Amino acid sequence: MSSPCTVKRPAGYTVRTFEFGGVAEHDTLQCVHCGTHWEIMPGSGITRGFCRNCMGPVCGPRCQHCYPSEKQLDDLERISAPTIII
Amino acid sequence: MARYSAEGNHATGAKDNHAVFIEQGSNLRRFKTYDLTVGASVSPVDNAAEYSLFRATGGTPLGATPTVVALDPADVATESVPLAALTSVDAEPTGRTSMVNFPLNQRATFRWVASPGSELITPATSNAGFGMTKLFTSSAFAYECVVLWEE
C-alpha cells in the first residue's frame, strides 16, 4: 500500500486501484492561471510556483505571468462573440 | 445546475484516439467537468499509457453520439453535445490543452474528482469542449472512461 500525498487545501483527488488490491491516492492542485490539475508528488523535481496576486499555485514557468483563469475564460468568450456597440 | 454522465470507449485505443468529446451545443453555456474514471474492460496485460483529459477550443471529427444520463432524473436534457470515438485514428481537435494528465497501466483503474470550485470549466464558445485521449501508449489497447459534468 502506498501512502497518500496530501496538501492542506486540495483542488481534487485521484485514486488508482491496482489489480491485486493496491491503492495509490494523491491530492491534486490546480493552476490558478491555466486551470490544469496535477498530482502532488513530493520530490518529483518539477518546478511549480505560486502567484501572490491570485494567491494560488501555478503549474510552472509557462504560467508565471498573472493571467487569471476566469479572465482567460472571459476573454475567450468575448473574442468569439464580440459585442456590437451602436 | 444539472449534472450529467457520459461513457466513452475506444475499441482500438491507439495514441491520440479520443474516447469521448463533449462539446457545446447550440445554446452556449459554461459547463464544468468534475469527475473522470478510466479503465479497461478487456482482459488486461502490462501495457503502459499516458492519458489526458483535455480542453479544446475547436471542433473534432468524432461522429456517433453516446447516451447521456442526467444524474437527477428530474433534470432537463443536456445542452451540450457528446461525441463518441471513431475506431480509426482521430484528428486532433483545435487548441487541445491537457488539463489532467496521468500515466496508467492497463491493469489499473483511475479516478479523478475535483473539489467544489476547482472543476474544469469549458468556455461558452462554439465547438469548445473537453475530451479524453491517450497521449502515449506502449501498445494499442481498448479503454473506457466515464465523465461527469454539470451545466
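Biologist: How many aromatic pairs does the rule count over all chains?
Modeller: This is a predicted model, and side-chain atom pairs count only at pLDDT 80 or more. By this rule, the count over all chains comes to 7 aromatic pairs.

Biologist: Is the aromatic pair of Tyr51(B) and Phe102(B) stacked or edge-to-face?
Modeller: The ring centres of Tyr51(B) and Phe102(B) are 5.5 Å apart, with 15° between the planes. Planes under 30 degrees apart count as one class and planes over 60 as another. With its 15°, the pair of Tyr51(B) and Phe102(B) is stacked.

Biologist: Which strands hold Tyr51(B) and Phe102(B)?
Modeller: The pair links distant parts of the chain, its residues being 51 apart. Tyr51(B) is in strand E4 (residues 48–56) of chain B, and Phe102(B) is in strand E7 of chain B.

Biologist: How many salt bridges are there between chain B and chain A?
Modeller: Over all chains the count of salt bridges is 11. Between chain B and chain A the count is 4.

Biologist: Why does the salt bridge of Glu70(A) and Arg30(B) join two chains?
Modeller: The closest N and O atoms of Glu70(A) and Arg30(B) are 2.7 Å apart. Glu70(A) lies in helix H1 (residues 69–80) of chain A, while Arg30(B) lies in the loop between strand E2 (18–23) and strand E3 (31–39) of chain B, so the pair joins two chains.

Biologist: Which residue of chain A meets Arg30(B) in a salt bridge at 2.8 Å, N to O?
Modeller: Arg30(B) forms a salt bridge with Glu70(A). At 2.8 Å, N to O, the side chain that meets Arg30(B) is that of Glu77(A).

Biologist: Which three residues supply 25% of the area that chain B buries against chain A?
Modeller: Chain B and chain A bury about 1900 Å² between them, 49% of it on carbon and sulfur atoms. On the side of chain B, three residues supply more than any other three: Arg30(B), Met99(B) and Arg107(B).

Biologist: How many residue pairs are in polar contact across the interface of chain B and chain A?
Modeller: The contact takes 24 residues from chain B and 23 residues from chain A. Across this interface, the residue pairs in polar contact number 15.

Biologist: Which residue in E8(B) stands opposite Arg16(A)?
Modeller: Strand E1 (residues 12–17) of chain A and E8(B) run antiparallel, joined by 6 bridges. Opposite Arg16(A) stands Phe110(B).

Biologist: Which residue in the turn between E1(A) and E2(A) has a positive phi?
Modeller: E1(A) also pairs with strand E2 (residues 23–30) of chain A, in the antiparallel sense over 6 bridges. Within this pairing, Tyr13(A) stands opposite Asp27(A). The two strands form a hairpin with 5 residues between them, and the turn residue with a positive phi, about 95°, is Gly21(A).

Terms used: Residues numbered from 1 in each chain as written. Chains lettered and ligands numbered in written order. Predicted model: local features only at pLDDT ≥ 70, side-chain atom pairs only at ≥ 80, totals over all residues. Heavy atoms only, no water. Contact = heavy atoms within 4.5 Å. Buried area = accessible area lost by both parts, 1.4 Å probe. Polar contact = N/O pair within 3.5 Å; in protein donor to acceptor, adjacent residues only side chain to side chain. Pairing = 2+ DSSP bridges. Helix = DSSP H or I, 4+ residues; strand = E, 2+ residues; numbered from the N terminus. Phe/Tyr/Trp six-rings, centres within 6.5 Å; stacked < 30°, edge-to-face > 60°.
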